[in-house]
Every structure is written in C-alpha cells, then in structure tokens.
Amino acid sequence: MGGGDDEIRTPAAFPQRQKARESVNIIKRCQRLGVGSGGFYIPGYRDGAKLNLRMMCLGKNWDPNSHSYGDTRPFDGAQPPNIPEEFKKIVKDAIQASNEFLKQNARAASAVEEVPPLSPDICLVNFYTSSGRLGLHQDKDETKPSLHKGLPVVLFSLGDTAEFLYGDVKDDDKASKVDLESGDVLIFGGNSRLIFHGVSRIKPKTAPKWLTDETNLRPGRLNLTFRQY
Ligand SMILES: O=C(O)CCC(=O)C(=O)O
Ligand SMILES: [Fe+2]
C-alpha cells in the first residue's frame, strides 16, 4: 500500500485518494488534539521496559504503569479527549472492507470467520521517532466480554514505515514480521485477539512526501489503535 504522488492525482484511483484524504485528516486532527489538554506525553514504563514513544489516549485513559483504564490520567488529572466521530467511521469502514476481503478470498467450502463489529471507546495514539520501538505484548486490559468475543483491535499506521512483529509467543526471534506502510490498516480479532505484537523498528524517511508536505508531520510514525473496553 503506502503512497506515491500518483495516489492522489490519478482520477481513477478513488479508494486511494479517499485513503489519502483520510490520512491527512487523521494526522491533522491528532496534531490539534495532541497539543491540548490530555494531549501527547512521554510515558514511562510498561512491563518494566522504558517506552520509547509519545502517547495520547482518546475516549478512556489507559495507564501503561498499572495496565488499567480510567476516566482521567493519574499524573495530571486530565480527561482524554473524545474519539472524533470521523475516526469511528473510518474504523467501521475498515472492518467492513476487511470482511468483504475475507468473503471474497474464502474457499467456497470453508466457513468464513468474520471480524466482529466494534464500537471503539478507546483509541491509543502513539508517535514514534526513528528510534521509537515497542516490545512484544498482548492487548489484554479490556473487559472479559470484549476479549472473549474477540472484538478486534484496529491499527492505523501513518508516516514512516514500521517493522511490525507478531506471533503466538513473546519471543522476538520467533515472531513474524510485516512492514506497515503509511495508510495501512491492521486488524486482529477473533482467535487472533490476544496475539503478541510490537514494533521493532521505524524505517526513517519512508513517509510519503505528499503526506508530510500537507500535514507537516515530523519525521516518524503516528499509530492509532482502536479497541472496545
Ligand atoms: O504502534 C503499533 O503498531 C502498535 C501499538 C500497540 O500495540 C499498542 O498501542 O498497544
Ligand atoms: Fe498493542
């Protein structure tokens, strides 16, 4: 996926142009929210490992130290901004597109596993500079019903490409790797809901130029993770 200049100029490339516009809107919105109350901060630790990123929560606050959710952040009492409606729409569209893809690519005889619908009430926004990374972990601080139903985690990756790791066990050497380019969406739900995942590397200078020109996004990667508590 990703994008070159052609993606926003080719008249036939409507989905890509749509995606390009969405990318710009998401970044601009996060930039505005990020400088306000409840905006970006540098979190300390998670599972004893220093977090190498900036973070902002939308909807509810998630505290990486206690691994718990709350209405305000412990260190400054700020309330996280609401998740913008346009973000929720983008999540809904992504899940629908994913289900259409699954249906089309399923073998006629086999049952198709659908990604369950999500009403996201948490969005974690992470910004990684070129030295940013995130160790392998599971997203498992949501409620039991949310986890049992396998309600999906939906990730939007913007800016520089991330080397994303995932696997059944917490072991970097055994993990599979996929490059997430700007505009890529990754969904893990159902049986994969508790997969281990992390970011091993940000690839510098890989963000599409049109995107950084239009948004002034600083060098690095912006990632949004949506979940339902
Ligand atoms: O930045 C990413 O791709 C992953 C983010 C993530 O796993 C999380 O916030 O829990
Ligand atoms: Fe995660």
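## Terms and basis of the model

Two strands are said to pair if DSSP finds at least two bridges between them. Helices (H or I, at least four residues) and strands (E, at least two) are DSSP runs, numbered from the N terminus. In strand S13, arginine 227 is the bridge partner of isoleucine 122.

The model is a predicted one, in which local features need pLDDT of at least 70 and side-chain atom pairs count only at pLDDT 80 or more, whereas totals for chains, interfaces and linings use all residues. Residues are numbered from 1 along each chain as its sequence is written, while chains are lettered from A and ligands numbered from 1 in the order in which they are written.

## The open sheet

An open sheet is formed by 5 strands in the order S3-S6-S13-S8-S11, with antiparallel pairing. Strand S3 (54-58) and strand S11 (185-188) are the edge strands, each pairing on one side only. On average, neighbouring strands of this sheet are turned by 15° against each other, direction ignored. Such angles run from 0 to 180 degrees between N-to-C directions, and the axes are lines fitted to C-alpha atoms, for helices over the stretch in contact.

Strand S6 (residues 122-128) and strand S13 (residues 221-227) are joined by 7 bridges. Within this pairing, valine 125 stands opposite leucine 224 in S13, and asparagine 126 stands opposite asparagine 223. S8 and S13 are joined by 6 bridges; here leucine 158 has leucine 222 of S13 as its bridge partner. Between S3 and S6 there are 5 bridges, and arginine 54 has phenylalanine 127 of S6 as its bridge partner.

## Burial and the nonpolar core

A residue is buried if 20 or more other C-beta atoms lie within 10 Å of its own, exposed if 12 or fewer, and partly exposed in between, with C-beta atoms placed from the backbone. S6 is largely enclosed by the rest of the structure because 7 of its 7 residues are buried. Both of its faces are covered: Ile122, Leu124, Asn126 and Tyr128 are buried on one side, and Cys123, Val125 and Phe127 on the other. In S13, 6 of the 7 residues are buried, so this strand is also largely enclosed by the rest of the structure.

A nonpolar core is a set of buried Ala, Val, Leu, Ile, Met, Phe, Trp, Tyr and Cys residues joined through C-beta atoms within 7 Å. The largest such core has 44 residues, of which Ile26, Val91, Cys123, Val125, Val154, Leu222 and Leu224 touch the most other members. S6 supplies the largest share of this core, 6 residues.

## Helix H3 and valine 154

Helix H3 (residues 85-105) lies across S6, strand S8 (153-159), S11 and S13, and runs at about 70° to S11. Contact requires that the C-beta atoms of two residues, placed from the backbone, lie within 7 Å. Leaving aside residues up to four places away in sequence, valine 154 touches Val91, Ala94, Ile95, Leu118, Val185, Ile187 and Phe226.

A residue is near a molecule if its C-beta atom, placed from the backbone, lies within 6 Å of it. The residues around ligand 1 include Leu124, Asn126, Asp139, His197, Asn223 and Thr225. Two or more residues of this shell come from each of S6, strand S9 (161-167), strand S12 (196-203) and S13.

## Tryptophan 210

Tryptophan 210 belongs to helix H5 (residues 209-215). This residue is partly exposed, with 18 other C-beta atoms within 10 Å.
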